Amino acid sequence: MNARSILMPIAASSRRELVERLAQLLSGLILYGAAMALMVRAGIGVAPWDVLAVGIAERTGLAFGVVTCLVAAVVLLLWIPLRQRLGIGTVLNAVLIGPSADLTLGLVPPAPSVWIGAPMFVGGLVLLAFATGLYISADFGPGPRDGLMTGLVARTGRPVWMVRTVLEGGVLLIGFLLGGPVGVGTVLFAFGVGPLVGWFLAVFTRIRASRALALARPAD
């Protein structure tokens, strides 16, 4: 398999549009890592994949962000039999989110009570949805976990909701058995992230499309 068959092509109407989209991608990924850290520090439970990362971190002594990067690398290996194509956004997702999360964890202390933890979690959830819409609408390829899900959907023919439920349910169970934090925040994430991401993604996609048209239009 050659590089062209593995990597997704990058298309842009102009060099400036490409630079703007790269900046958007990087901003979204850095904010995504910060949002993950805020939800961890909230202390009321985290997203399924983060339950796994925290559980592994507690068992191994590795930093949460390091484990996040390692999990992303393992997930990307699972792309191989699924014949999924990597985008630059896929690679940067695997590389940048973990360090951003660790940096934020170093700056933000654990919430001292649920009265502070609950708003912190909600703020982290909204920031994560904002960041997701930002980096996905940059259109540089899916993240490792999303690509695994879509690859399994394509290979198995099962509906998205079923594949996602089985995948995240399995990850959640393993993380819980390893000692990862499952709580009300996990439930809030499960029901809140979809609508929030959908709203932010629609907004950023419209903005990006309008901007691409403006940059492609020849100057008078």
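Is tyrosine 32 buried or exposed? I looked it up: tyrosine 32 is buried, at a relative accessible area of 18%. I used these cut-offs: buried is under 20% relative accessible area, exposed is over 50%, and partly exposed is in between, with a 1.4 Å probe and protein chains only.

**Ground rules**

I am working on a predicted model, where local features need pLDDT of at least 70, side-chain atom pairs count only at pLDDT 80 or more, and totals for chains, interfaces and linings use all residues. Residues are numbered from 1 along each chain as its sequence is written, and side-chain values use heavy atoms, with hydrogens and water left out.

**Entry: helix H3**

I took helices as DSSP runs (H or I, at least four residues), numbered from the N terminus. H3 covers residues 48-60, which is 13 residues. From first C-alpha to last, H3 reaches 19 Å, close to the 18 Å expected at 1.5 Å a residue. The expected span is 1.5 Å times one less than the number of residues.

I then checked burial along H3. Pro48, Trp49, Asp50, Val51, Leu52, Ala53, Val54, Gly55 and Ala57 are buried. After H3 comes glycine 61, with a positive phi near 85°.

Trp49 has a charge over its ring. Arginine 145 lies over the face of tryptophan 49, at 5.3 Å from the ring centre. The rule I applied asks for NZ of Lys or CZ of Arg within 6 Å of the ring centre and within 35 degrees of the ring normal. I found arginine 21 placed over the face of phenylalanine 140 as well, at 4.4 Å from the ring centre.

**Entry: salt bridges**

Side chains of opposite charge can pair when their charged atoms come close. My rule was a side-chain nitrogen of Lys or Arg within 4 Å of a carboxyl oxygen of Asp or Glu. How many salt bridges does this rule give? The count is 4.

I began with arginine 16 and glutamate 20, which form a salt bridge at 3.4 Å, N to O. They sit 4 residues apart in helix H2 (residues 15-42), so about one helical turn separates them. An α-helix has 3.6 residues a turn, so residues three or four places apart point the same way. Arginine 16 is exposed at 53%. Glutamate 20 is partly exposed at 21%.

Glutamate 20 has another partner. Its side chain meets that of arginine 208 in a salt bridge of 3.2 Å, N to O. This pair links distant parts of the chain, with arginine 208 in helix H9 (residues 184-216) and glutamate 20 in H2, 188 residues apart. Arginine 208 counts as buried, at 10% relative accessibility.

Next I noted glutamate 168 and arginine 164, whose closest N and O atoms are 3.3 Å apart in a salt bridge. Both lie in helix H8 (residues 160-177), 4 residues apart, about one turn. Glutamate 168 is partly exposed at 21%. Arginine 164 is partly exposed too, at 35%. Through shared partners, salt bridges join Arg16, Glu20 and Arg208 into one network.

**Entry: aromatic pairs**

Rings of Phe, Tyr and Trp (its six-membered ring) pair if their centres lie within 6.5 Å; planes under 30 degrees apart are stacked, over 60 edge-to-face, and the rest tilted. I count 5 aromatic pairs by this rule.

Tyrosine 32 returns here. Its ring centre is 6.0 Å from that of tyrosine 135 and the planes are at 75°, so the pair is edge-to-face. Tyrosine 32 is in H2 and tyrosine 135 in helix H6 (residues 114-137), so the pair ties together parts 103 residues apart in sequence. Tyrosine 135 is buried at 5%.

Phenylalanine 130 and phenylalanine 204 have ring centres 5.1 Å apart and planes at 80°, so this pair is edge-to-face. Phenylalanine 130 lies in H6 and phenylalanine 204 in H9, so the pair ties together parts 74 residues apart in sequence. Phenylalanine 130 is partly exposed at 29%, whereas phenylalanine 204 is buried at 14%. I also noted one aromatic cluster formed by Phe130, Trp199, Phe200 and Phe204.

**Entry: the largest pocket**

A pocket is an open set of points on a 1 Å grid over the protein atoms alone, where a 1.4 Å probe fits, with protein on both sides within 12 Å along at least five of seven lines; lining residues have an atom within 4 Å of a point. The largest pocket has a volume of about 550 Å³, taken as the space filled by probe spheres set on the points.

Which residues lie nearest its centre? Of the 27 lining residues, they are Tyr32, Asp146, Arg164, Glu168 and Phe189. The elements that give two or more residues to the lining are H2, H3, helix H5 (88-107), H6, helix H7 (144-156), H8 and H9. H9 gives the largest share, 5 residues.
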